[in-house]
Amino acid sequence: MNNNNTLVKVAGSANVGNGTEYEPQQQANGYLQPANGHNLHSDEEKIRRISGYFTEILHVFGLDPTGEEMSATPRNMATMYVKEIFGGLDPKNRPVISTVNNKYHYNQVLLERNISIRSFCAHHLLPITGRAHIAYIPAGKIMEASQLSELVQYYCSKPQVMEKLITQLADELKSILEMEDIAIVITASHFCKQLSAGREANNDLVSSFYSGKFNREETRNEFLALIK
Ligand SMILES: [Zn+2]
């Protein structure tokens with residue numbers, strides 16, 4: 001288990017109800033974030049600089065970045081990358097996660113199925129689309145389904161490879177929910193693989209992660225039956 005996604009309780013933060021809020025101390029490995037957690041550049045500064053580079057790329061292809069068709073393209077692309085596609089590189093965009101107490105002492109499988117995956121591969125910066133199924137067996141804390149989806153989307157909003165995404169999610173959920181019993185299956189289609197394998201190729205890549213009680217055959221089979 002890696003400790004790159006260390007979570008800390010934020011003292012004195014505005015909690016809702018009995019929930020507990022968290023924020024990351026540092027971004028996950030592979031991302032060059034300043035250690036203090038703040039970005040060096042504002043979004044506007046990033047968009048301005050990246051627009052300049054995209055303009056240059058259009059020039060290299062012999063395209064006209066001043067013509068009617070593409071005059072807005074560099075800025076559109078830069079805005080999309082900064083605000084959406086790689087928005088997860090900026091810790092300020094991390095959703096505020098709160099948990100509720102498991103007051104009914106529920107100790108069976110809790111599953112969120114078909115969470116949408118929209119990410120970009122780290123190797124080609126091309127789209128990855130798919131879905132995730134995430135289950136856990138709560139100990140003292142439970143997380144709202146909508147928050148789970150937001151957390152997944154945050155981790156998808158950076159250059160990703162599936163093994164890293166699935167491990168980051170598992171580590172994050174273990175920390176937030178203070179338990180070890182997690183099962184995750186991600187089924188994803190990579191645009192780069194489709195292009196290189198021929199445009200008709202439509203194969204999915206499946207990644208899975210099991211820990212704690214999901215290493216027991218019976219519990220894992222229950223999970224697999226539920227996501228069929
Ligand atoms: Zn790729």
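In β9, L205 is the bridge partner of A188. This bridge belongs to the antiparallel pairing of β8 with strand β9 (residues 205-210), which extends over six bridges. On β5, β8 has a further antiparallel partner, and nine bridges join the two strands. Within that pairing, I134 is bridged to I184 of β8. The model described here is predicted, and the positions and contacts reported below are those of the predicted coordinates.

The secondary structure of the protein amounts to six helices and nine strands. Of the 228 residues in the protein, 25% are buried. Among contacts with a separation of 6 or more, 67% are between residues 24 or more positions apart. The average pLDDT of the protein is 85, and 80% of the residues score at least 70. Residues 1-29 have a pLDDT below 50, although this stretch makes 52 contacts in the model beyond near neighbours in sequence. Residues 34-38 also stay under 50 in pLDDT, and the model has four contacts for them beyond four places in sequence. Where pLDDT is low, the predicted coordinates should not be read in detail.

The largest nonpolar core comprises 33 residues, and V152, L169, I184 and I186 have the most contacts inside it. At least two residues of this core come from each of β4 (110-121), β5, α3 (145-156), α4 (162-177) and β8 (182-190). The greatest contribution is that of α4, which gives eight residues. In soluble globular proteins, nonpolar side chains tend to be buried together. I184, named among the core residues with the most contacts, is also the β8 residue bridged to I134. V152, another of these residues, touches I115, A132 and L169, residues up to four places away in sequence not being counted.

V152 is one of the buried residues of α3, the others being L148, L151, Y154, Y155 and C156. The elements covering the buried residues of this helix include β4, β5, β6, β7 (159-160) and α4. The end C-alpha atoms of α3 are 17 Å apart, which agrees with the 16 Å that its twelve residues should span at 1.5 Å a residue.

The buried residues in α2 are P74, A78, V82 and I85. Viewed down the axis of α2, the buried residues fall within an arc of 135°, so they line one face of the helix. An α-helix has 3.6 residues a turn, so residues three or four places apart point the same way. The buried residues of α2 pack against α1 (43-60) and β4.

H105, which is not a glycine, has a positive phi of about 55°. H105 is placed in the loop between β3 (99-101) and β4. With 9 other C-beta atoms within 10 Å, H105 is exposed. For L125, phi is near 55°, again a positive value in a residue other than glycine. L125 lies in the loop between β4 and β5, and its 13 C-beta neighbours inside 10 Å make L125 partly exposed.

A139 is located in the loop between β5 (127-136) and β6 (141-143). This residue has 15 C-beta neighbours inside 10 Å and therefore counts as partly exposed. With residues up to four places away in sequence left out, A139 touches E178 and M179. The C-alpha atoms of A139 and E178 are separated by 7.2 Å, the two residues being 39 residues apart along the chain.

K228 is found in the segment after α6 (217-226). K228 is exposed because 4 other C-beta atoms lie within 10 Å, the cut-off for an exposed residue being 12 or fewer. Between K228 and R113 the C-alpha to C-alpha distance is 10.0 Å, with 115 residues of separation in sequence.

Technical notes. Residues numbered from 1 in each chain as written. Helix = DSSP H or I, 4+ residues; strand = E, 2+ residues; numbered from the N terminus. Buried ≥ 20, exposed ≤ 12 C-beta atoms within 10 Å, placed from the backbone. Contact = placed C-beta atoms within 7 Å. Core = buried A, V, L, I, M, F, W, Y, C linked by C-beta atoms within 7 Å. Pairing = 2+ DSSP bridges. Arc of directions from axis to C-beta. pLDDT = per-residue confidence, 0-100. Expected span 1.5 Å × (residues − 1).
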